[in-house]
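Subject: A structure for you to explore

Hello,

Here is the structure I promised to pass on to you. Please open it beside this email and follow along as you read.

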Amino acid sequence: MICDRTDFTMTTKFHPEVNNSVALSMQFSENSRVWVYQSDKKLTDGQVQQIKQHLNRFAAEWTAHNHQLKAKAEIRYNRFLILVVDESQAGASGCSIDKSVHFMQGLEQEFNIRLFDRFNFAYRQADEVLSLPRHDFEELLKKGSITTHTIVFNNLVQTLTELETKWEVPFKDSWHIKLFGNLVS
């Protein structure tokens with residue numbers, strides 16, 4: 001099977017007819033597939049607006065083997081880019097997932113951010129969402145600045161339901177405890 005290599009370049013103009021209200025008005029299955037991309041730094045409000053335009057266009061034009069995907073995208077906390085596909089009408093294929101990865105790599109280049117660093121861990125400190133490289137995260141655990149009750153972000157969620165119920169969780173209830181449990185008391 002040959003993938004359609006449609007290029008979603010970042011320099012295209014935003015199309016007003018493709019807006020977030022269209023995606024938000026659609027109903028999505030609780031089993032819709034989810035991909036969470038975490039920026040290595042907090043995005044400015046201006047960057048969020050620009051990236052939202054790109055995300056909305058991509059979601060509106062995203063296809064799998066020439067079948068339109070029922071997709072939406074959002075940005076949370078000026079840090080997390082989230083793609084959602086309701087596969088009840090057309091499933092995301094390897095080729096369509098490749099398109100999304102290439103699209104996200106384009107966003108990385110245009111906005112000078114890193115979205116694929118799985119060793120950058122996000123957590124909540126009061127009302128702020130922060131992220132740190134693994135070593136610094138481990139140091140905060142050792143110092144007790146991050147505890148078993150600290151809210152962390154599980155970017156490995158796979159469905160819309162998991163996004164809403166298992167994405168923001170206390171450290172003790174996340175996969176992080178398996179990796180770093182020996183560092184917390």
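**What I found**

Let's begin with the surface: the chain exposes about 10000 Å², and carbon and sulfur atoms supply 49% of that area. Please keep in mind that this is a predicted model.

The chain contains six helices and nine strands. It has 185 residues, and 47% of them count as buried. If you take the contacts in the chain with a separation of 6 or more, 66% of them are between residues 24 or more positions apart.

Next, have a look inside. Which residues have the most contacts inside the largest nonpolar core? They are Ile51, Leu55, Trp62, Leu81, Leu83, Met104 and Leu107, and the core as a whole has 23 residues. Several elements each supply at least two residues of this core: the strands β1 (33–38), β4 (70–76) and β5 (80–86), along with the helices α2 (45–61) and α3 (94–111). The largest share comes from α2, with five residues.

Leaving out residues up to four places away in sequence, Met104 touches Tyr37, Leu55, Leu81, Leu83, Leu115 and Phe116.

Then move to the loop between β4 and β5, where you will find Tyr77 and Asn78. Tyr77 has a phi near 55 degrees, which is a positive value in a residue other than glycine. For Asn78, too, phi is near 55 degrees, again positive in a residue that is not glycine. Is Asn78 buried or exposed? With a relative accessible area of 18%, Asn78 counts as buried, because the cut-off for buried is under 20%. Tyr77 has a relative accessible area of 36%, so it counts as partly exposed, between the cut-offs of 20% and 50%.

My last stop is Thr150. Where does Thr150 sit? You can find Thr150 in the loop between α4 (134–143) and β8 (151–153). Although it is in a loop, Thr150 is buried, with a relative accessible area of 11%. Setting aside its neighbours within four places in sequence, Thr150 is in contact with Tyr123, Arg124, Ser145, Val169, Pro170 and Phe171.

Enjoy looking around, and write back whenever you like.

Best wishes

How values were computed:
Residues are numbered from 1 along each chain as its sequence is written. This is a predicted model: local features need pLDDT of at least 70, side-chain atom pairs count only at pLDDT 80 or more; totals for chains, interfaces and linings use all residues. Side-chain values use heavy atoms; hydrogens and water are left out. Helices (H or I, at least four residues) and strands (E, at least two) are DSSP runs, numbered from the N terminus. Buried means under 20% relative accessible area, exposed over 50%, partly exposed in between (1.4 Å probe, protein chains only). Contact means heavy atoms within 4.5 Å. Accessible areas come from the Shrake-Rupley method with a 1.4 Å probe; for residues, only the protein chains shown count as cover. A nonpolar core is a set of buried Ala, Val, Leu, Ile, Met, Phe, Trp, Tyr and Cys residues joined through side-chain atoms within 4.5 Å.
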